[in-house]
Amino acid sequence: MSAPRRPTDPPPSSRPRPSRGDPQGLERYYVLTGGRSGPGGSASSLDVATLIVSRTAPVPGMQHEHEEILRRCRDPLSVAELGAHLGLPFNILAVLLADLLEAGRVEARDPIPAHDAGRGPDLALLEEVLSGLQRL
Amino acid sequence: MDFNGFDHPGGPDGGGTRSVKVMIAGGFGTGKTTMVHSVSDIKPLTTEETLTRAGVGVDRLIGVTDKTASTVSLDFGKIGINEQLVLYLFGTPGQERFWFLWNGLCKGALDAVVLVDTRRLASSFRAIEEMERQNVPVVVALNVFPDSRDHPVDEIRDALDISPYIPVVACDARDRASSRDVLIALTGHLMERSAVALELR
């Protein structure tokens with residue numbers, strides 16, 4: 001005869017597995033970046049208007065967010081848009097992009113600089129912008 | 001899935017799409033988000049910028065459990081200029097406590113619109129100053145609210161103490177064509193400046 005069992009918490013293995021994205025807020029970001037708080041190297045110059053373009057297809061076993069970035073950036077997409085679509089703030093996304101940049105899986109195209117060697121913006125560029133706006 | 005285009009033979013400078021960045025600045029409640037919304041090709045989006053990026057000491061964030069306390073939202077939109085060029089519009093955060101973010105945000109911006117609510121001129125003083133300090137070319141756009149008094153542009157120019165070479169235009173930020181015209185005026189202003197710079201060389 002066994003004694004009546006005292007109800008206990010289910011063993012960890014039978015708890016509902018946390019689904020992806022389950023940790024909230026800062027904890028989630030910590031998990032995504034492995035605790036890194038900011039990118040170094042090539043990603044430290046990333047701007048919200050920098051365009052990211054995938055250079056390779058996602059491969060099995062990749063971190064979900066890396067895979068998601070590669071999928072979304074088949075056509076060039078700005079860092080700001082990526083952040084909005086993935087629900088990630090800039091500096092967390094920059095850490096993830098740094099990984100992909102270092103691995104050569106994406107390329108980053110900085111916005112066309114406003115000043116070219118002390119001169120104002122390039123006239124040809126401005127003419128392009130002007131005619132684009134006039135078509136709106 | 002179609003992965004054409006993954007092997008860019010030309011590399012980063014292989015003639016692909018590029019971007020330019022234009023800022024929509026102004027005081028709190030002057031219509032920045034409204035303008036981004038009315039002129040954007042896509043449904044405007046919001047991205048989060050974290051304060052740590054701007055150099056706030058990490059130790060100050062310890063114990064902050066409310067995520068909103070450590071991030072600021074940026075509204076932005078996008079205009080396809082042509083196949084090769086995309087223009088991104090970023091609304092600057094209007095609240096005074098986020099001014100320090102501007103250095104990073106405005107870096108590399110082509111130019112900026114500073115929106116002014118003529119009923120509250122003072123709320124945009126700081127935005128004009130910041131843009132001048134950062135050497136970002138601006139056009140000042142008076143957002144005409146339904147109950148705005150009719151102000152002659154010269155009067156506003158005096159009141160705001162704007163340099164004579166900065167264009168001042170009136171607009172309705174809710175209206176797509178009107179907002180587009182502000183961007184056209186801004187681009188025209190920049191072209192004049194560039195032409196002058198070329199002549200001076």
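Author: Helix α1 (residues 32-39) of chain B packs against helix α5 (residues 176-200) of chain B at an angle of about 100°, and their axes are 8 Å apart. Because angles of 65 to 115 degrees count as roughly perpendicular (under 35 roughly parallel, over 145 roughly antiparallel, the rest oblique), α1(B) is roughly perpendicular to α5(B). Axes are lines fitted to C-alpha atoms, for helices over the stretch in contact, and angles run from 0 to 180 degrees between N-to-C directions. Helices (H or I, at least four residues) and strands (E, at least two) are DSSP runs, numbered from the N terminus. This is a predicted model, in which local features need pLDDT of at least 70 and side-chain atom pairs count only at pLDDT 80 or more, while totals for chains, interfaces and linings use all residues. Residues are numbered from 1 along each chain as its sequence is written, and chains are lettered from A and ligands numbered from 1 in the order in which they are written.

Reader: Which residues in α1(B) and α5(B) meet?

Author: Two residues are in contact if their C-beta atoms, placed from the backbone, lie within 7 Å. Here B:Met35, B:Ser38 and B:Val39 of α1(B) meet B:Arg176, B:Ser179, B:Arg180 and B:Leu183 of α5(B).

Reader: Is strand β1 of chain B mostly covered or mostly exposed?

Author: A residue is buried if 20 or more other C-beta atoms lie within 10 Å of its own, exposed if 12 or fewer, and partly exposed in between, with C-beta atoms placed from the backbone. Strand β1 (residues 18-26) of chain B is mostly covered, with eight of its nine residues buried.

Reader: Which strands does β1(B) join?

Author: Two strands pair if DSSP finds at least two bridges between them. Strand β4 (residues 85-91) of chain B runs parallel to β1(B), joined by seven bridges, and B:Val20 stands opposite B:Leu87 there. Strand β5 (residues 111-117) of chain B is also parallel to β1(B), through five bridges, with B:Gly26 opposite B:Leu115.

Reader: What pattern does chain A follow?

Author: Chain A has five helices and three strands, in the order α-β-α-β-α-α-β-α along the sequence.

Reader: How many residues of chain A are in contact with chain B?

Author: In chain A, 40 residues are in contact with 45 residues of chain B. The most is given by α5(A), with eight residues on the side of chain A that touches chain B.
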